[in-house]
Each structure stands twice: as C-alpha cells, then as structure tokens.
Amino acid sequence: MMTKMLKRPAIVLLLSVMTAAFGAIAMLTLPIKLQPSVSAPYITAMAVVDKELSLDEMEKQIALPLETAVVHNAFVKDVNVTTTTSTVMVDVVLKDSATEEDIAQAKDDLTQAMNSLNVELDVSDVRQYSTADQMVMMIAVTSDAPDQEKVRSELRDIVVPELRKLPGVSKVEHSLNWYDVSYVFELKPEKMSSLQQTARVVDEIRGAFSQPLLGNLEYDGGQYRVRSEALIGGQAELASYRLSSGSMLADLADVREDRPADHNYAMRNGQPYYEISIFATEDASEVKVSERVRAKLAALNDGAATSWSYVFPWDASAFIGSAVKELALNIAIGALVAAAVLYAVFRSIRIMMVIGFSIPLCMFATFIGMSAFGYSINIITLMGIGLGTGMVVDACIVVIENIFRKMGEGLPRQEAVVQGTKEVIAPVISSIVTTICVFVPIGMLDGMIGEFMKQLALTITVSLLASLVVAATLIPILTSRWVQPPKESNKRNRVLEGYERMLRFGLRFRWGTLLTFVAVLAVSLYALIAFVPKNYIPNVSDRSLYIEYEVDRNIDYATARGLAETAAARIADVDGVMDVFYWGNDRETHRGTLIILYDPRDTMTRSDEAVNEDIEAVIERTIPYTLLSIGQGQGDMSGRMEVSVTAASMKSLSEEADAIAESLRLLPGVTGVQAPLSDEGKEWVIRFSPDRLEYHNITRGEVEQYISLVLNGVDDIELTMDGDTATARVEFPTVYRQTSDALYKLPLRSDSSLTVEDVADLALVDAESSRVRKDGIYESTLTVYYDEADKASVVERVTAFVSEYRSAEAQVAIAGTQQEQNEAFSKLLVAVGVAFSAVFLVLVMQFNRLRQPLLIMLSLPFAMIGVALGFLLSGRVFDIMAMIGIVMLVGIVVNNAIVLIDFINKSRDAHPDIESAVIAGCKLRMKPILTTTLTTAGGLVPMFIGGTETSDFQTPIATAVIFGLLFSMFVSLYLVPVLYLMIDGRAAGKARKPLFGWFGRKPAASEAAPS
C-alpha cells in the first residue's frame, strides 16, 4: 500500500490541499470567545416576594417547598438554599452522571414547586447556569454637559436601542434608570394624630391620583373603555393639587423628587458615570460583537446631539484578542525553534521544510474538528492548539529520521521510504494512542473545570490524530521527492561517543543508578510539596486591582462616600494608574468597592507590583477599615479561604460560628475573619399585652396594620406628569422611621392620646438577616483573610484547626476554593491512575508481553523530578493546570520509551548479547529522541515565558510539560536502558521459563540459553 501511495501521490496531496482550505475557512468563521460556551450542571431558582416576611415564614412558605422538590432526586449532588426576608435563592448542583433529561426534570420540579407556592411572588425564575450569561463588555459613559437629563435621554432613547439591534447582542443592561424621577409624599406629623385620621389622609391621597374605569362607550360597531386621570403640569402644580376634601396636597405632605441615584453612587475618577453592559448570544463571536459595539458607539458619539465620552473598563474581546495574538506569536516562535533544532540535527533545509508543512496542516485539521463539534476559539482551545503545536511534529520527526537513516545506509530512495516508514509506524501509532489515552480522564473531570477540559482534550486529540495521518502519508511522499540522502562523513561523533560511555557506566552499575534516581525522585517530590506554592485555578483577568473593604457599621452615607472619594482621588495620583472606579449605597454604608485600571503596558514606567504597593499605602492612610480584600480582578480569590460551619439549628449554628470565628482570628497570619452571622443586625420586637389592648378597646391587628403603614408607606401611586407616567409613594415622617422612641409614642387615638406604648412593650433583640441551608442542614460560611505571602502557613493552621475541632452541636469543614482545590487534586490523582492504566493496556497490546510495558511504566514517575525542578527554579504556582500538565506527561514521555524499546528488541538478533543490543538501539534512537524532545519543548517555550494577561492560565501547564519532558529525555536515554537490562536481561538467561509464563513472547535466537 505504501508503494502504491508513493507512485500515486495525487490523492494525498489533494486531500492535504482540501484540509488546508477547509481548515482556513473554519479558522476564519469560528466564533472567538473568552470562555467555552458550556452549560454547567448547576440550576438556580430565585423567588422574590413583593412584601417582606419573617425568616420563619419565608423558610416555611418558600424555601422548604423548593428544597424538598429536588433534594431527594438521585442525580442531585448538593442543594444550597439562601433565605432572606424578601428573597429565596436555591442553588442545585447535579452529579456528573446527570443527563440532559435529569437537568430538565430538576428545572421542571423547581418550576412546578414555584407555581404551587401560596405566596404572591414579585419575581420567580429558574435557569441553568451557562457561560453565555456573563457580560462581555462594560461601557462607562461620562459627561460634563450642564444638562445631564438630555445626555441620559440620548443614551436611553438612541444609544441603547441601537446597541440592542447589533447582531450577536443578546441584551443590553444599563444604570440610566437610576435617574428616573419618582415622587415622595412625606406626611406631616401634625396630620397623624390618630390611626383613623392617618388612614383617611392616605386614602384621600391615593384616591386623588387613581385612574378609575368609568364605563364603556359603544358606537360605530366598537366598544371603548372610559377612564379618568389627574393631569399635572409639574412638581409645583403637584404640591398645589387639591384633594377631594378641598385641602392641597402640600397641606398634608411635603412633596419631593426621589431617584435611585440619590441612594447609590458610581464614580469614575471623581465623576459620575453611566454603566452600559453588553451580553452576547451563545453562538456569537465576542470579538465581532465588540468590534460592532465599538464601531457603533464611535459613530453615535460622533453624531451625538450632546457631549459625552466613554471607556471600556471590561472588554472580553480585548482579553481573548491578546490571547489570539499570543498564540500566533507562540506558534511562530515555536516553529522557528523547531526549525533551528531540525537544521542543527539533520543539516538539511529540505527536511526542515517537510516537517514545517506538518504544523499548519495539523492546525487546519484541528480547526475543522473544532468547527464540527461546535467549539469556539477560546482560552481553553487556544491552549490546546498551543500544546498541540509542540507535539504534532514528534511523529513526523520519527518517520523522517528513520527514512533519512535508511537512505544513509545506501538503500534506494523509494525502498528507504517504504522500509523506514513501515519500521516505525507501529510504535508511532502506539505513541499517539497512549498520548490520546491520557486525555480521556482529563475530560471526565466534573464541574466547570471538567466541561472546559473536554474541549482541551478534544482539541489536542484531533491535532495528534492529524499528525499521525500526516506522518504516515504526506511525510513519506514529500521525503521521497524532496529529501536528498545524507552525505557520507567520517567525522567522529563525540556526542554519541560520550553518550555511549555514560550509558555503559550506567549499565555496569545498574542498582546504583536506579537507587540514585529513586533518591532524587523522593527529594524532588518532598521539595514540590513543601516549598512550591499551591493554588486551585489561576486568576485570569484583565489588568486591574479589585479592592473591597468594610469600616465601622455605624458610619453614615455621606461620610462613607467621602472616604471612598478621598481614597480614589489619592489613588488616581499614583504613577501608573489610569482609572479609578468606585461605588456604594446607603443600605450598606460600611462597605465599599474600588477598581483600579493600570496604564497600558507600553506606557508604564514601573511594574504593576510597584503600583500596587503605592495603592495599598494609600488605603492604609485613608480608610479605617475593619476588613480589607485586595485581588487582581474580580475573580481573584487569593488572600482568602472559607470554612463551613453546619448545625441542626440556627441557635447552635450562631453560637458555634461566633466561637469558631474568634478562634480563627487568633491564628498567626490571619488578618481578618468575615462571619455572616456575626454581622447580623438588631431588630425591635413589639410585644402586645392582651389585657391592655382589651382595656383600650383596640385590636392587635389594627395596631400592626397601622405600624406597617407607617414604616413601609404606600407604593405604586401612578401620576401623569407633563403627559408622561410617573410613580409616587406615601411616606410617613422620618422621625417615626428612624428612632424607636418616636415609634413607641406613635399616636393611635386623638381623643385619648393613646399611643403604642400604652398597649405594647418594645425590646431590642439580635436578628438574623438571612439563613443558609445545605442539603437540609443550616450552614454559615466564614471567610478567612490573610496576606498572600503567608498563604501556606495560614492554610496549614486553618486546616489543622478544622481537623482538630470537636463539637457536639456543629461540624466544621474547609469550603470554597480550598475545598475545590483539594477535591480537584484528588480527582486528578485518580485521573493519573486511569491514564497509567490506559497507557499500560496500550503498551501490552503493542509489545504483546508484560515485562517491557512494566519497565516503561516504572520510568514514568521519574519525570516528576523535572516537574519539581521546573517549579522550584521558576517560582511559579502549582495549580490544577500544572496537574493537568503532569497527566499529559504520562502520554508524552512514554513515546520515546516505546520507540526506543522497539528498536532494542529489533537489534537483539543482530548482536551477540543483550547489553550490546541495548547500546546499539539506544545509539540509533538518541538523535530522534533528542530532536523530538527539543522541538516539543521549544514549541512550548513562548507559552512558558508568558507575559500577557492570559499567561497565568498557560504557564503552569507549560512549566510542567517542558521540564518534565526535558528530564524524561534523560530518563529515556539513561534509565530506561538500565531498567530494560535489569528486567528483560534477567529473563534472557532463562528463556525457557518466561518471567510471566505464557504471557512472555517467544525468545529471539540471541536470548537462547547456552546448551
């Protein structure tokens, strides 16, 4: 078949051209996204009531029915329920084995339970989490125009609708409704002399602006409703509006405008900004969406009737765009490195060009596979393409090197191509299959990381399969026509001679060599565990600093805003800071947030770390924080870990959580502990006396209704102002809503001066603001903060505290990212075991025996010496991506050993003893092993160097693969021959009694025992 293919190469060349053409089309048409488009096995249900209820009522009426609807399903892993006085959130995590039908059933169960609730809901929603739900662009619009209302009108009526029309945009959200005007009618205290009078005034105001249906008109065959409404020209006219009693509204209440912006602030460099958020459809390219949005905004801004400017605090396309540019640069540099290695080894431009054709062809085949599976170009598939680029040349190099060697032995060109290809194709196939096998367990990881890794596994698998096809077809054809036989040379190969001397030394002192490797492996593993910093998922974000802080809870809104403005102004003066965004509200005045964007890298005169130090110094001087969290981007979870406390009752949970939080605060290195239950506020309890109620001839219900009216007011009064619809609400005097004494003295009757204190007592008690249940058990999550430099010691101390904590009332466990890290590492260890098993099975099929596959497997762990050395020398963090790199090494490093042992086996008949066969086989394979290793490692060097915002996602895996691969080259060329002689050489002298009985292969003539 090979001979026929060489004689008729047109079909192979045509298929290659078609692959390149279709691959180029696929590359240009694939959507470009930051993350893969996946729907994770997470379901969220949200229920919001229109009026607040007690936590007990919310839990009984909403939380428990929703929880019960799904918690007992076999495919449900966890159910987390968060309950407040107005909202219930149910987060359902399904098992990895859950099917699409199971997910649909869980959604239906929650929807049915939601529809069956006996509570009036203002909002109800059930949805499955998808990466398409994430914002792809954030636009901050600022304006110095004196008439901000015109600016907002233009943004709301022109800009936002135009952006919504753009292809690929799923929705556009904005903060312009913060400035929508509503009206507040604050009743005057003197008009609240009694319950009855107050109720009459409220009814009169509500009735004055009602829009009643008066009846119907019928004419010309049609029917028309008739309703009335009060037409009001403006706020002054509204205040002077006369009610049915003849009184003006201003006589009963103070009228004022109210906006959400009066209670919230969002600032950029000291100036308010309007936020516009862009979301893309699931199948849209984020880069193209961004290009359309940017072009449309520029056009709208150029033709704007008002003056406004805009910036992009977040743009996923810029992030993924830099990753695409980095990939292109990595491929170019990797190709140059591979070309340099190939030329240095073969001294042939033509061989370098033949191998060079394989890289783009395999990449084009990968793009076709990605298109067929509906994948996008994203940070995961880009990493797969980058890793595949360094690996696809291996098979091609093995084939062309063997053909080149056969030509050097004097065989005719076509015969050299046929024999050279056939001689190595079986071990090449075995090598590719073993590498593919290790990606199966990677793709079987659960959670979002598993969903992402499936795309990584498939991307690399397609690349490797393409390289196998190219190596078996195109490489022989091109070699038979382009590559010239090597010139004869009588020069001494000093490298080969030095290698032979070193190898003979190792074979002579086999046990000493093996024990040395074992000792170095033990030391390396200890150093990796003890001295290399660990993490879960690398933080991949834009160049920004995300700061959250808390101050004294009693701080007022104006003071809190002043603190934020002072800190932001001083941070803006720091060299290297481009923008400072900060926001807050009057509901949680003690909490604040700042986001700092750096100057572009090409204009920066100092490092990001130096800028961060100055910013932290400003925070220390200006904000008297009680809690501080600083991270690189919103997704940065560094400097914190979580501890879960669970108990059967809220009382036990509250007591235990407070005690545990205090103990954690005392641990060295801990800078703060955030305990949700400790942050709970206080509430006033009105305790009615039945005797006093009866004595004053008033019911508890009447008083409760009145107090509720005073505290909550009356919402949803519709007005028609200047032809536009507006809303209004009735509020009671602030004095009754801000002090307990005034509420206590709230008048109930004017004739007898009856007040609330005459019928009830008030008590201030601790209050819960929320409850969390996990699988039916109450839970509180404590967040432990620490300096990143002390991470290892703090994590160790907290973990030890958790493991030693004993209580009959509560259970304590590590939670959050630390728990996910521990679980992920455990599952990856299982994945390593599965990969080992799969590789061993393939090797047994390849060699048809057990001894030689066993010695290959014994050599694999020694690649960890290189991995440990790489992380120790680079100082990089060992995370889940590094673990995935180790799993990949299982498949990659075995390739050299497979071909090496195959050649040793074929050399045994031609040599008088097994040691000579081992040395001869190793000398033959030194050049291709050296070449494939250096080209693969060289192709990953740019990914290892990094330097962009996406690098943290790639550098750990590149570090593990490069250093592990380089050291495995030494293992393959030195330790594997030693193990071969120790395991198979011993069996050679006992050929009549194979070590593993009938599983041993038939001995070669050179293995026969002497007679």
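Visitor: How do the residues in the lining of the largest cavity divide into nonpolar, polar and charged?

Guide: This is a predicted model. Its largest cavity has a lining of eight nonpolar residues, five polar and one charged. Asp 394, Ala 395, Val 398, Ser 431 and Asn 895 lie nearest the centre. Helices H13 (393–408), H14 (413–437) and H32 (894–907) each give two or more residues to that lining. H14 gives the most, with four.

Visitor: What makes the space a cavity, and how many cavities of 30 Å³ or more does the structure hold?

Guide: A 1.4 Å probe fits inside but cannot get out, so the space counts as a cavity. The structure holds nine of 30 Å³ or more.

Visitor: Why is Cys 362 in no disulfide?

Guide: A disulfide needs two cysteine sulfur atoms within 2.5 Å. The nearest cysteine sulfur to that of Cys 362 belongs to Cys 396 and is 5.7 Å away, so by the cut-off Cys 362 is in no disulfide. For Cys 396, the nearest cysteine sulfur is that of Cys 362, and Cys 396 is in no disulfide either. The structure's count is zero.

Visitor: Why is Cys 362 called buried?

Guide: Buried means under 20% relative accessible area. Cys 362 has 1%, so the term applies. Cys 396 has 0%, so Cys 396 is buried too.

Visitor: How do you know that strands S8 and S9 pair?

Guide: Pairing takes at least two bridges. Six join S8 (residues 213–219) to S9 (residues 222–227), so they pair. The two strands run antiparallel. Leu 213 has Arg 227 in S9 as its bridge partner. The strands form a hairpin with two residues between them, and Asp 220 in the turn has a positive phi of about 50°.

Terms used: Residues are numbered from 1 along each chain as its sequence is written. This is a predicted model: local features need pLDDT of at least 70, side-chain atom pairs count only at pLDDT 80 or more; totals for chains, interfaces and linings use all residues. Side-chain values use heavy atoms; hydrogens and water are left out. On a 1 Å grid over the protein atoms alone, a cavity is a set of points where a 1.4 Å probe fits but cannot get out, and a pocket is an open set with protein on both sides within 12 Å along at least five of seven lines; lining residues have an atom within 4 Å of a point. Grid points are joined across faces, edges and corners, and a volume is the space filled by probe spheres set on the points. Ala, Val, Leu, Ile, Met, Phe, Trp, Tyr, Cys and Pro count as nonpolar, Asp, Glu, Lys and Arg as charged, and the others, Gly among them, as polar. Buried means under 20% relative accessible area, exposed over 50%, partly exposed in between (1.4 Å probe, protein chains only).
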